[in-house]
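Try each one yourself before you read the solution.

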Amino acid sequence: HVAQASGSSLDVRSAPQENAEVVRTLVARDQVSGLVVCLVAQELGDKWVEVYLPTGEPGSTGWIERDDVTLTRHHFRIEVALEAHSLRVYSGDDVLVSAPVAVGPDAPGAGDRFFITDLVRPPDPAGVYGAYAYGLSGSDNDLAAFAAADGVVALHGTADPSTLGTDTDRGAIAVDPAIIANLVDTVGLPLGTPVDVLE
């Protein structure tokens, strides 16, 4: 399940109680996508939802009010195996895409669950990220970072497909530009798609 804020901001509380401390306010204008999207961890009755947060430490969660979001459901998930330099995209139990990846210094570490927070068209389609990038949770991605090709935690294309299957000195998780175009244009991965990073 995915929770998208109904308004321009979303209060996140420390516990599922109206008097609990607001630990963070997520604001749409601070997101590259212009949307506040969270991955649902659990629902508590019809009042509260625990969500994974788009920014901050990977795996960070908080509580939001059910009435403040729209909940949707999809069956997509992604696994990235760092040592094997491989990516698999699933719909339910079916593997839709299996491809080699290049692992850069901005790649997230193994063991945490991330999710897609943004779909971005980098300013230079021939640049290090290619024509598309899926920004991932667990970092404060912004447009300036995408423009500079620096410090962005993302699944993205590459200007140098010869690096696929290896470690590289730029970017995070790079796939063949045709693969990421397929994920965007044909598969249509939604924001909130879980991304599990494995050793």
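**Exercise 1.** Work out what share of the contacts in the chain between residues at least 6 apart in sequence join residues at least 24 apart.

*Solution.* Start with the term: a contact means heavy atoms within 4.5 Å. Next, take the contacts between residues at least 6 apart in sequence; 56% of them join residues at least 24 apart. Keep in mind that this is a predicted model, where local features need pLDDT of at least 70 and side-chain atom pairs count only at pLDDT 80 or more, while totals for chains, interfaces and linings use all residues. Residues are numbered from 1 along each chain as its sequence is written, and side-chain values use heavy atoms, with hydrogens and water left out.

**Exercise 2.** Find how much of the chain is buried.

*Solution.* Buried means under 20% relative accessible area (1.4 Å probe, protein chains only). Now count over the 199 residues: 47% are buried.

**Exercise 3.** Check the radius of gyration of the chain against that of a compact globule.

*Solution.* First, the rule, which works over C-alpha atoms: 2.2 Å times the number of residues to the power 0.38. For 199 residues a compact globule would come out near 16 Å. The chain has 17 Å, so the two agree. As for the box that the C-alpha atoms fill, it is roughly 55 × 35 × 30 Å along the principal axes.

**Exercise 4.** Say how many helices and strands the chain has.

Methods:
Helix = DSSP H or I, 4+ residues; strand = E, 2+ residues; numbered from the N terminus. Buried < 20%, exposed > 50% of the residue type's maximum accessible area, 1.4 Å probe, protein only.
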